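Biologist: Could you take me through the features of this model one at a time, with the general idea before each case?

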Amino acid sequence: MLTSPPDGRLAIFPGSFDPLTNGHVDIILRSAHLFERIVVAVLVNAEKKPLFDADERMAIIREVFTEYPNVEVESFDGLLVDYARQRRASAIVRGLRAVSDFEYEFQMALMNRHLEPTLETVFMMPAEQYTYLSSRLIKEVYQLGGEVRGLVPPAVEQWMQRKQARKP
Ligand code: PNS
């Protein structure tokens, strides 16, 4: 349970962000308009073999949002509601791209509400041109030699190029 009331101005945007896409950027910018402060919370150990480790994912997001003082970047482990309680956030922001996202997001939102009734989940729709984007597809396309320009921020493309160049 919460020991002190949540901060109505603070929302958390949690995710794996491996890597950050322009769809994520769109949702972060929209939430930064709605809330005074937004914490982009990177889940540690989301996948067994991520492209970028949590520190790299955080560094990338910080680089992209360097000019947005109300966008913070942190990592978290364990239950999202525990992290949200610790930050005293009032809301979790999630992006909804299509109906196919709905079932999973609905389950998560209701489970999180069961675990912490005071924490609201707020869904936001990204701009239409990003509705087909996912980190998984970006990685697949890039690793198979496809073009990802315009789908991820330039900083992400650079990090991906460096990662590819270091591959044995
Ligand atoms: O970007 P993703 O991978 O869809 O984000 C999923 C995320 C990080 C929001 C979800 O996996 C999560 O909250 N994980 C933390 C563990 C947790 O709280 N699980 C119960 C969720 S109901």
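## Backbone, sheet and rings

Modeller: Pro 19 has its place in the loop between E1 and H1. Keep in mind that this is a predicted model.

Biologist: Which kind of peptide bond joins Asp 18 and Pro 19?

Modeller: Most residues other than glycine have a negative phi, and most peptide bonds are trans. Here the bond joining Asp 18 and Pro 19 is cis, with omega at about 0°. The loop between E1 and H1 also holds Phe 17, whose phi is positive, near 50°. Phe 17 is buried, at a relative accessible area of 3%.

Biologist: Where is Arg 88 placed, and is Arg 88 buried or partly exposed?

Modeller: Arg 88 sits in the loop between helix H3 (80-87) and E4. Its phi is near 60°, a positive value in a residue other than glycine. With 32% relative accessibility, Arg 88 counts as partly exposed.

Biologist: Now the sheet. In what order do the strands lie?

Modeller: The order is E3-E2-E1-E4-E5, five strands in an open sheet with parallel pairing. Strand E3 (71-76) and strand E5 (120-124) are the edges, each pairing on one side only. From one strand to the next the twist averages 30°. E2 and E3 are joined in the parallel sense by six bridges; Val 40 has Val 73 in E3 as its bridge partner.

Biologist: Which strands does H1 lie across?

Modeller: H1 lies across strand E1 (7-15), E2, E3, strand E4 (89-95) and E5, and runs at about 120° to E5. Arg 30 is partly exposed, with a relative accessible area of 37%. Leaving out residues up to four places away in sequence, Arg 30 touches Met 124, Met 125, Pro 126 and Ala 127. Arg 30 and Met 124 are 94 residues apart along the chain, yet their C-alpha atoms are separated by 8.0 Å.

Biologist: How do I read aromatic pairs, and how many does a search of the whole structure find?

Modeller: A pair of aromatic rings is described by the distance of the centres and the angle of the planes. The search finds five aromatic pairs. For Phe 52 and Trp 159 the ring centres are 6.2 Å apart and the planes stand at 80°, so this pair is edge-to-face. The pair links distant parts of the chain, with Phe 52 in the loop between strand E2 (37-43) and H2 and Trp 159 in helix H6, 107 residues apart. Phe 52 counts as buried at 0% relative accessibility, and Trp 159 counts as buried at 17%.

Biologist: What of Phe 102 and Phe 106?

Modeller: Their ring centres are 5.1 Å apart and their planes are at 25°, so Phe 102 and Phe 106 are stacked. An α-helix has 3.6 residues a turn, so residues three or four places apart point the same way. Phe 102 and Phe 106 are four residues apart in helix H4 (residues 99-115), hence separated by about one helical turn. Phe 102 is partly exposed at 41%, and Phe 106 is partly exposed at 41%.

Biologist: Which residue lies over the face of Trp 159?

Modeller: Arg 162 does, at 5.1 Å from the ring centre.

Biologist: Which residues of H6 are buried?

Modeller: They are Ala 155, Val 156, Glu 157, Trp 159 and Met 160. Their cover includes helix H2 (54-64) and helix H5 (135-143).

Key:
Residues are numbered from 1 along each chain as its sequence is written. This is a predicted model: local features need pLDDT of at least 70, side-chain atom pairs count only at pLDDT 80 or more; totals for chains, interfaces and linings use all residues. Side-chain values use heavy atoms; hydrogens and water are left out. Buried means under 20% relative accessible area, exposed over 50%, partly exposed in between (1.4 Å probe, protein chains only). Helices (H or I, at least four residues) and strands (E, at least two) are DSSP runs, numbered from the N terminus. Contact means heavy atoms within 4.5 Å. Rings of Phe, Tyr and Trp (its six-membered ring) pair if their centres lie within 6.5 Å; planes under 30 degrees apart count as stacked, over 60 as edge-to-face and the rest as tilted. A charge sits over a ring if NZ of Lys or CZ of Arg is within 6 Å of the ring centre and within 35 degrees of the ring normal. Two strands pair if DSSP finds at least two bridges between them. Axes are lines fitted to C-alpha atoms, for helices over the stretch in contact, and angles run from 0 to 180 degrees between N-to-C directions.
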